[in-house]
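Work through the exercises below with the sequence and the coordinates at hand. Each task is followed by a solution in steps.

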Amino acid sequence: MTVPAKLVEFYIELRRLTEDQVRGFSEPTSDTLLPDLHPLEQHVFTLVLDLSETLIYSDWKRDRGWRTFKRPGVDAFLEHLAQYFEIVIYSDQLSMYVDPVIERLDPKHCIRYRLSRGATRYEDGKHYRDLSKLNWDPSRIIYLNGHALESSLQPENCVEIKPWKGEADDTALLDLIPFPEYVAKHRLADI
């Protein structure tokens, strides 16, 4: 049985269009998620943070709906480390959730960039943070998340922190400050 050439061409074009559509949902929106660093900023380190269970915790109760809580020490953590790092939020949440939360979380504008779900890579039912798409030197990036090794494609850049579930006595962010501060002050060649 022979298949007409036009039908084969139609199938190939339809498959290409379908693959492009799927890629639009599974790949980051761009090959470079952040702008180029200015030449005078090439020495700067980058601290990439997740939002949920790292800086905030959201929960839902039937009597009051959704509420979002700020992790203890977030303000001091962001203010102190903004002296040494470009701080980037890289979340798997939608931007319609991320943007208003960051507006309230960071009134002093310590966070320089925000990346949301559209900037993640979707594979096997999970949204991964692809630090290679940040367009900055990967040897100068630290990725901090409660589930860092499970959510990043670059485990060598990951630092895991205890996921925060709303405990009032949590000090994990404040306890972590000396590590990134040491990295920045000693100008390590490769984090």
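**Exercise 1.** In which helix is leucine 14 found? Classify its exposure and name the surface patch that includes Leu14.

Solution. The model is a predicted one. Leucine 14 belongs to helix H1, which covers residues 5-26. Leucine 14 has a relative accessibility of 43%, so it counts as partly exposed.

**Exercise 2.** Where in the protein is confidence lowest, and where is it highest?

Solution. Then go to the elements: H1 has the lowest confidence, with a mean of 70. Helix H2 (residues 74-81) has the highest, at 96. Where pLDDT is low, predicted coordinates should not be read in detail.

**Exercise 3.** Which residues line the largest cavity?

Solution. Count first: there is one cavity of 30 Å³ or more. The largest cavity holds about 30 Å³ of space. Its lining consists of Leu47, Ile142, Leu144, Val159, Leu176, Phe179 and Pro180. Strand S8 (141-145) and helix H6 (178-185) are the elements that give two or more residues to this lining.

**Exercise 4.** Which residues that line the largest pocket are the closest to its centre?

Solution. The largest pocket has about 400 Å³ of space. It is lined by 20 residues, of which Asp50, Ser52, Glu53, Asp92 and Gln93 are the closest to the centre. Two or more lining residues come from each of strand S2 (56-61), strand S3 (65-70), strand S7 (126-128) and helix H4 (148-151).

Technical notes:
Residues numbered from 1 in each chain as written. Predicted model: local features only at pLDDT ≥ 70, side-chain atom pairs only at ≥ 80, totals over all residues. Heavy atoms only, no water. Patch = residues over 30% accessible without salt bridge, like charges linked within 9 Å, V, L, I, M, F, W, Y side chains within 5 Å. Areas by Shrake-Rupley, 256 points an atom, 1.4 Å probe, with all protein chains shown as cover. Salt bridge = Lys/Arg side-chain N within 4 Å of Asp/Glu carboxyl O. Helix = DSSP H or I, 4+ residues; strand = E, 2+ residues; numbered from the N terminus. Buried < 20%, exposed > 50% of the residue type's maximum accessible area, 1.4 Å probe, protein only. pLDDT = per-residue confidence, 0-100. 1 Å grid on protein atoms, 1.4 Å probe; cavity = no way out; pocket = protein on both sides within 12 Å on 5 of 7 lines; lining within 4 Å. Points joined across faces, edges and corners; volume = space filled by probe spheres on them.
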